[in-house]
Amino acid sequence: MIRLGAPTTVTHDSDQRTGRALSAAIASQVTEADGVVYHSRFTGDACFALFDRGVHKLDTRAIAPLIEHEALEAALDDYDVTLTEAP
């Protein structure tokens, strides 16, 4: 993003409008791009935003409920999230 000259509000602001506007501009003007890779403002890890035109290029490994994912419990613990049943 720095090389693109994008302001820090694109990558580090809790207000996502600027980042979404940049993504929309890329989607409409850079036709060979299937999405964008950016750093999470929370963890610094890579995140991927896929444009609709790139979905057909993905291969599905497996489909399962999120509640069954092996890393879910650790992720919930990391963010101090508790799951409860709906009333």
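Student: What should I know before I start?

Tutor: Residues are numbered from 1 along each chain as its sequence is written. This is a predicted model, where local features need pLDDT of at least 70, side-chain atom pairs count only at pLDDT 80 or more, and totals for chains, interfaces and linings use all residues, while side-chain values use heavy atoms, with hydrogens and water left out.

Student: What is pLDDT, and what does the chain average?

Tutor: pLDDT is the predictor's confidence in each residue, from 0 to 100. Where pLDDT is low, the predicted coordinates should not be read in detail. This chain averages 84, and 85% of the residues score at least 70.

Student: Which element has the lowest mean pLDDT, and which the highest?

Tutor: Helix α1 (residues 8-12) has the lowest, with a mean of 60. Helix α3 (residues 72-78) has the highest, at 93.

Student: How many helices and strands are there?

Tutor: First, the rule. Helices (H or I, at least four residues) and strands (E, at least two) are DSSP runs, numbered from the N terminus. This chain has 3 helices and 2 strands. From the N terminus, the order is α-α-β-β-α.

Student: In which sense do β1 and β2 pair?

Tutor: Two strands pair if DSSP finds at least two bridges between them. Here β1 (residues 35-39) and β2 (residues 46-50) are antiparallel, with 5 bridges. Take two of the partners in β2. G35 is bridged to L50, and H39 to A46.

Student: How much of the chain counts as buried?

Tutor: Buried means under 20% relative accessible area, exposed over 50%, and partly exposed in between (1.4 Å probe, protein chains only). Of the 87 residues, 11% count as buried.

Student: Is S40 buried or exposed?

Tutor: S40 sits in the loop between β1 and β2. It counts as buried because its relative accessible area is 15%. Now look at contacts, meaning heavy atoms within 4.5 Å. Not counting residues up to four places away in sequence, S40 touches D45 and C47.

Student: Where does S23 lie, and what does it touch?

Tutor: S23 is part of helix α2 (residues 17-29). At 18% relative accessibility, S23 is buried. Leaving out residues up to four places away in sequence, S23 touches V36 and F51.

Student: How far is A49 from S23 in sequence and in space?

Tutor: The two are 26 residues apart in sequence, and 8.5 Å apart in space, C-alpha to C-alpha. A49 is in strand β2. It is partly exposed, at 25% relative accessibility. Beyond its neighbours within four places in sequence, A49 contacts D34, G35, V36 and Y38.

Student: What share of contacts joins residues at least 24 apart?

Tutor: The share is 22%, counted among contacts between residues at least 6 apart in sequence.

Student: How many salt bridges are there?

Tutor: A salt bridge is a side-chain nitrogen of Lys or Arg within 4 Å of a carboxyl oxygen of Asp or Glu. This structure holds 1. K57 pairs with D34, and their closest N and O atoms are 2.7 Å apart. The pair links distant parts of the chain, 23 residues apart. K57 is in the loop between β2 and α3, and D34 is in the loop between α2 and β1. K57 is exposed, at 52%, while D34 is partly exposed, at 22%.

Student: Which residues form the nonpolar patch on the surface?

Tutor: Patches are made of residues with over 30% relative accessible area and no salt bridge; like charges are joined within 9 Å, nonpolar side chains (Val, Leu, Ile, Met, Phe, Trp, Tyr) within 5 Å. Here the patch is F42, I67, Y79, V81 and L83, with about 570 Å² of accessible area together. F42 is in the loop between β1 and β2, and is exposed at 62%.

Terms used. Accessible areas come from the Shrake-Rupley method with a 1.4 Å probe; for residues, only the protein chains shown count as cover.
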